[in-house]
Amino acid sequence: MRRSSVLAFSAAIILSAALGAAQQPVRVPAGAASAAEAPLPPLDSRAVVADVRRVIAERYVLPERRPALDTILARGLASGRYNVTDPAELAQRINADLETAGRDRHLNFSLNPRQAAMLAAGRAPQPDNSGYERQVRAANHGVSELRVLPGNVRYMAYDGFMWIGDESAAALETAMRFLSGGDAVIIDLRRNGGGSPQAVQYIVSHFLPAGRPLVTFHMNGSASPDRLETLAELPAGRMVGKPLYVLISGGTASAAEEFTGHVGGYRLGELIGENTAGAGFRNDLVPIQGRFVLSVSVGRAVLASTGRDWEAVGLAPTVPATLAAALDTAHALALRRLAEAAPAPDRPRLAALVEAITARGERRTPALPLAAYAGSYGEQRVVLDGDRLYVQRGQRMRVALIPLGGNTFAFDNNPGMRAEAEIEGDRVVAFAVGPAGQPPQGRFARNP
């Protein structure tokens, strides 16, 4: 299997929520620790600002934005804003000004003498790969959940585009084989802060033909940018044309946005949820005057499908939905599409699933107050807990009831089943239970 070697997105963005956004352990180069602990010269704020301006003028990814960044730093210098003796205060003020003028998630300035010393020595911190690999394995390479939803819609919660080579490829191959067994696929990136472009390439290749251009990385003005295309060999096979739904949010960032951009740009499926973070640039860390570190954006990723990046603006959903409603929205859309293409005998079953899942998000009101339905019915108990009804048999796990309107309910764990309350006056006397659209399979009368 071909592997493309490319740089990962900014370390400030790529570590996913699944790893708790923790920084990787680092090995301290010989001499760097003692350099970090050595006494530093007196703070010279003018020299600090001069170095920041120089690096931005030489390396910032967008030449047209460099003058605005330089102007705000020059204004702060002239006004005396940076005439402080506390390095932490100076870092805070410079960083606030860069945020105001830059609107760039990867452009920031911090006080970090230890890291500055290592960078200045020409030996940037090297990842302790064994520790990072343990974290990736513990997080199952980013795949936190695989589930079969009603109607054979396959769901994957993917919380980080993690990549440590063949092990990650094998884990993702297992996930792709699982998804390929579904009639539709939902990939949840709502908690995905990004990661490796190689993981993006591996997953999205399953939904596109081989050799399709994906992304170009422009770094430091290089005349030879890095380019990625879809992989030729995929052990799990491809899912080209399979209904695909991707859940996104403001927590969907960096490499997760790249994947989102491929899905939207190539129209591989629907994007459900809220606008993504807008973290598209790539950065370098530069030591400044022995005690500070400047994170400066030096590269950008351009999607082959659109010819654009997503920095600062993010990517918009094709179907807006709240974070809480995104999964149900996607599931209902998938089932509607499947119902349209299904043989006639299967359509009522799929339509019943759509009705229940849609109603779950709408929180419909039944005909009677919820308390009227509570009680014991044979071996079954209907329990009111807060603003929801549950049915429980003996000591088994209770199941939520979804109000569909009137006196009809669906079972949350089996949305194709219905419970119809029988009413005498204003009192519920029984529940008839069975598949939607079919005669009841059982009737449970209220206990005396």
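Two strands are counted as paired if DSSP finds at least two bridges between them. The legends below describe a predicted model.

View 1. Strand 5 and strand 6 run in the parallel sense and are joined over five bridges. Val 153 lies opposite Ala 184 of strand 6.

**View 2. The largest nonpolar core, of 42 residues.** Tyr 158, Phe 161, Ile 187 and Phe 259 touch the most other members of this core. At least two residues come from each of several elements, among them strand 5 (153-158), helix 8 (166-180), strand 7 and helix 10. Leaving aside residues up to four places away in sequence, Phe 259 touches Phe 161, Ile 187, Leu 189, Val 200, Ile 203, Val 204 and Val 246. Another core, of 29 residues, lies apart from the largest one and includes Leu 62, Leu 73, Val 84 and Leu 98.

**View 3. Helix 10 (residues 255-265), largely enclosed by the rest of the structure.** Nine of the 11 residues of helix 10 are buried, which is why the helix is described as largely enclosed. Phe 259 is one of these buried residues, and others include Glu 257, Glu 258 and His 262. The elements covering the buried residues include strand 6 (184-188), helix 9 (197-204), strand 9 (244-248) and strand 12 (292-303). After helix 10 comes Arg 267, with a positive phi near 55°.

**View 4. Helix 4 (residues 66-79), with its buried residues on one face.** Seen down the axis, the buried residues fall within an arc of 140°, so they line one face of the helix. These buried residues are Leu 69, Ile 72, Leu 73, Gly 76 and Leu 77. The face turned away from the buried side carries the exposed residues Arg 75, Ala 78 and Ser 79. Gly 80 follows helix 4 and has a positive phi, near 85°.

Terms used: Residues numbered from 1 in each chain as written. Predicted model: local features only at pLDDT ≥ 70, side-chain atom pairs only at ≥ 80, totals over all residues. Heavy atoms only, no water. Buried < 20%, exposed > 50% of the residue type's maximum accessible area, 1.4 Å probe, protein only. Helix = DSSP H or I, 4+ residues; strand = E, 2+ residues; numbered from the N terminus. Contact = heavy atoms within 4.5 Å. Arc of directions from axis to C-beta. Core = buried A, V, L, I, M, F, W, Y, C linked by side-chain atoms within 4.5 Å.
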